[in-house]
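Hi everyone, thanks for having me.

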Amino acid sequence: ERPLRDFPAGTRAPREVAAYEVSEATGWGRVPPTVLRDGPFGEGMCQLWIEGVEGSELLALVDGEEPEPGWKAIGFAEVGEGRTALLVHADDERLRRLAVLDAVINNADRKGGHLLPGAEGRLYGIDHGVTFNTENKLRTLLWGWAGEPLTGEAVEVLKGLKTALEPSGALSGTLAALITPAELDATRARVDALLKAQRASDLGLELG
């Protein structure tokens, strides 16, 4: 584990497990099963291997200034020789749910390579070692819903998380063993803020 200035050494494996626990609490199952295990170099994270499925296009570079139907614009990217192209992601409910999860866990590194299409239409997000910071670190490619209201489903899921994160809630007890008290309080505050705002434009997203 490489040390990072804003994520203390030895904390990234528990953050991976915490992201899985929050994902499970949403009922969306966006993160593969993840646990802590002892190993030859001490405690670390062990995650179920997911065999990726080819042919599920989630990101693309296209010409023009507006995306085609079924796609959401992220921003313009340099593609060489002074040319730019529009970077887009699929207008896919699976990605939309993952964007909400990322906002809750304060994911500082949602890259395209962290999106893993699985069998039977499942979509997983992986690499969650830089999450749950007390400061706003949210950085993501899943930007396309900015300015749109959160879905009714997302609002209901957030309400369920709010209850589960109460001091007596099961999720609160689980996370208390994985992240700091301040990080747990910050997670509660993010859920509250999402419920209050209920608009993707208010999530504080930074283009990844």
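Okay, let's start with a question: at what angle do helix 1 and helix 2 pack, and how far apart are their axes? Keep in mind that this is a predicted model. Helix 1 covers residues 12-26 and helix 2 covers residues 93-105. The two pack at an angle of about 130°, and their axes are 11 Å apart. Angles over 145 degrees would count as roughly antiparallel, and 65 to 115 as roughly perpendicular, so we call helix 1 and helix 2 oblique to each other. Their crossing is right-handed.

So who is doing the touching? On the helix 1 side, look for Ala 19, Val 22, Ser 23 and Thr 26. Helix 2 brings Leu 101, Val 104 and Ile 105. Sort the residues of this contact by type and you get 5 nonpolar, 2 polar and no charged.

Now let's zoom out to the whole chain. There are 5 helices and 7 strands. If you trace the elements from the N terminus, the order goes α-β-β-β-β-β-α-β-β-α-α-α. The radius of gyration is 17 Å, close to the 17 Å that the globule rule gives for 208 residues, so the chain is as compact as a globular protein of that length. Along the principal axes, the C-alpha atoms fill a box of roughly 50 × 40 × 35 Å.

What about the inside? Of the 208 residues, 46% count as buried. And if you take contacts with a separation of 6 or more, 63% of them are between residues 24 or more positions apart.

How values were computed
Residues numbered from 1 in each chain as written. Predicted model: local features only at pLDDT ≥ 70, side-chain atom pairs only at ≥ 80, totals over all residues. Heavy atoms only, no water. Axes fitted to C-alpha atoms, helices over the stretch in contact; angles between N-to-C directions. Helix = DSSP H or I, 4+ residues; strand = E, 2+ residues; numbered from the N terminus. Parallel < 35°, antiparallel > 145°, perpendicular 65-115°, else oblique. Left-handed = near helix turned anticlockwise from the far one by under 90°. Contact = heavy atoms within 4.5 Å. Nonpolar A, V, L, I, M, F, W, Y, C, P; charged D, E, K, R; others polar. Rg over C-alpha atoms; globule rule 2.2 N^0.38 Å. Buried < 20%, exposed > 50% of the residue type's maximum accessible area, 1.4 Å probe, protein only.
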